[in-house]
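Here is a short report on the chain shown below.

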Amino acid sequence: METKVELQESTLVAPSEQTPRHGLWLSNFDVTAARTHTALVYYYPAPAPTTGFFSPDRLRAALAKALVPFYPLAGRLGRDEDGRLQVDCHGEGALFVVATADCAGEDIFGNFVPSPKIRQAFVPVVPSGEPPCVMSMFQVTFLKCGGVVLGTAIHHALMDGIAAFHFIQTWSGLARGLSLSEACPSPPSHDRTPLRGRSPPHADFDHLAYSSAYLTGPTRPSNTIVYSVSPKLLADLKSRCAPGVSTYGAVTAHLWRCMCVARGLAPGSDTRLRVTVNVRHRLQPPLPRHFSGNAILRDLVTVKVADVLAQPYPGYVADAVRKSLDGVNDAHVRSVIDYLGMESEKGTLEAAPWQLLPESDLWVTGWLGLPMYDADFGWGTPRLVAPAQMFGTGMAYVMQRPHKDDGIVVFVALEPEYARCFEDVFYNQ
C-alpha cells in the first residue's frame with residue numbers, strides 16, 4: 001500500500017555541550033565500508049492512553065545529550081589533506097525529522113517486509129553518502145493509529161551495528177531520565193589508531209571476500225522474503241550439527257543449502273558464503289568493548305555445491321562456517337587491514353560493486369545477541385526492529401525477535417523465480 005508521509009519539522013540537533021573539534025582519522029575498515037547510511041526502523045505500537053507519547057522535545061533534548069559522548073555522529077564526512085576519508089567533527093549536528101503518516105502500524109508492521117518504499121517513507125534520505133554528507137539522521141513518524149516509527153540512518157563509514165546500538169541504548173536511556181553516567185556507563189572509544197596498518201604493509205593471507213573479482217554478477221531483480229525460525233525449527237537444525245554449534249552457524253548452513261537447491265546450482269560448481277566476524281575481542285590487545293568504529297571483518301567460505309547438498313546436513317556446512325570464523329585471529333585481522341590499505345591505494349575497493357553477488361553466492365549477516373531491542377525511550381520497547389531496505393540479491397540478515405521464546409527471523413533478498421522452492425526447502429527439508 002502507498003503511504004503518504006507529511007513532514008512536520010526538520011532540524012539539526014547539536015551536542016548539548018562543547019565537544020572536541022578535529023578531523024577523526026578513519027581506519028581501513030571504515031573507509032572501505034559501504035558509502036551509505038545504514039537504515040533501520042523501530043516500530044512502537046500505540047500505548048494505553050498517555051500524554052506526551054514520543055514527545056519530540058524530549059527526544060531532541062536527549063539526543064543533544066547523547067551526542068556529547070558520541071560527538072562524531074554530529075559531524076560531517078570529509079577528507080584530509082591527502083584526500084583520505086575522515087569525519088570532520090565540528091558539532092554541526094544530527095538531522096532530526098518529525099513527520100506524520102496516513103497508515104496504521106499493523107498495515108505495515110503486521111507482516112513487515114523491508115523495501116525501498118519503507119526506506120523512503122520512514123528514514124531520512126540524502127542525495128549521496130559522499131562528503132560532505134551528514135553522519136546521522138533520525139525520523140519520528142506518528143501513525144494514524146497512535147503508534148510511532150523511529151527511523152535511524154547512521155553512516156556506515158563511522159560505525160558498525162554494534163556501535164550504533166550502543167548509541168541507541170544511550171539516547172533512549174537519557175530520554176527515560178537517566179543521567180549520562182547511567183545511560184552510558186562505558187563511554188564509546190572513537191580512537192581508531194589500534195587499527196592502523198603495519199609499515200610496510202603486508203597481506204599474509206588471501207582475502208577473497210574483499211575482492212571485486214567475485215562481485216561480477218549481473219544486476220538481478222529480487223524480492224525480500226521474511227522467514228520465521230521457531231524455537232522448534234531452530235532446535236531441529238542445531239540437533240543435526242556438532243554439539244555447541246551457534247545459532248548463526250546452524251541457520252546460515254540451512255540458508256546456504258536452501259539457496260543451492262532453489263537456484264539449481266550444478267553439483268560440481270563452487271559456491272561461496274560470505275560471513276561477517278566481530279574482531280573486537282580477536283585482536284591482541286583487544287579493542288575496547290565499546291569501540292565505536294567499524295570492527296567487522298568479512299570472510300569467505302568456498303565449497304562445492306555437492307558438499308553442501310550431499311554431506312551430513314547441516315552439520316558439515318555449519319562446521320565449515322565455524323572453522324572459518326575460528327581462524328580469524330590477530331594475525332588474520334592485521335593482514336586484512338594491510339590488504340585493505342594496499343587495495344584502497346589502487347582504487348579497487350571504494351567502488352567495489354558489493355551488491356553484485358553472483359548467483360552461486362550467499363552473504364549472511366548476523367545480528368544475533370545485539371541489544372537491538374534495548375531501545376525504550378520511556379514508552380516501552382519496540383515491537384519490531386529491522387532493516388528498512390535490503391541491498392543486493394543473495395543477501396540475508398539473521399536477527400532476533402523481541403523475546404527469546406519467539407525464535408528468530410531471517411530476511412532474504414532472492415530472485416522472484418526461486419522464492420517458492422526456497423521456502424519449500426527452508427521449512428520442509
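## Helix 10

The expected span of a helix is 1.5 Å times one less than its number of residues. The model discussed here is predicted. Helix 10 runs over residues 315–326 and has 12 residues. From its first C-alpha to its last, helix 10 reaches 16 Å, close to the 16 Å expected.

Several residues of helix 10 are buried: Gly 315, Val 317, Ala 318, Ala 320, Val 321, Ser 324 and Leu 325. Their cover includes two helices, helix 8 (247–263) and helix 9 (305–310). It also includes strand 10 (270–278) and strand 11 (296–304).

## Helix 7

Helix 7 spans residues 231–239, and its buried residues are Leu 233, Leu 234 and Leu 237. They sit on the same side of helix 7 because they cover an arc of only 100° around the axis. On the other side, Lys 232 and Ser 239 are exposed.

What do the buried residues of helix 7 pack against? Their partners are strand 9 (223–229), helix 8 and helix 12 (419–428).

## Nonpolar cores

In soluble globular proteins, nonpolar side chains tend to be buried together. The largest nonpolar core in this model has 82 residues. Phe 122, Phe 167, Trp 171 and Phe 377 touch the most other members. Helix 5 (residues 161–175) supplies the largest share of this core, 8 residues. A second, separate core has 61 residues, including Tyr 227, Tyr 248, Leu 265 and Ile 408.

Which residues does Phe 377 touch, not counting those up to four places away in sequence? The contacts are Tyr 44, Phe 54, Arg 58, Leu 59, Leu 150, Trp 171, Ser 172, Ala 175 and Arg 176.

## Cysteines

The structure holds 0 disulfides. For Cys 89, the nearest cysteine sulfur is that of Cys 133, 13 Å away. Cys 89 is buried, with a relative accessible area of 1%.

Cys 421 is in no disulfide either. The nearest cysteine sulfur to Cys 421 belongs to Cys 258, 8.7 Å away. Cys 421 is partly exposed, with a relative accessible area of 32%.

## Ala 61

Ala 61 lies in helix 2 (residues 56–66). Ala 61 is partly exposed, and its relative accessible area is 41%. Ala 61 and Leu 309 are 248 residues apart along the chain. Their C-alpha atoms are separated by 55 Å.

Technical notes. Residues numbered from 1 in each chain as written. Predicted model: local features only at pLDDT ≥ 70, side-chain atom pairs only at ≥ 80, totals over all residues. Heavy atoms only, no water. Helix = DSSP H or I, 4+ residues; strand = E, 2+ residues; numbered from the N terminus. Buried < 20%, exposed > 50% of the residue type's maximum accessible area, 1.4 Å probe, protein only. Contact = heavy atoms within 4.5 Å. Arc of directions from axis to C-beta. Core = buried A, V, L, I, M, F, W, Y, C linked by side-chain atoms within 4.5 Å. Disulfide = S-S within 2.5 Å.
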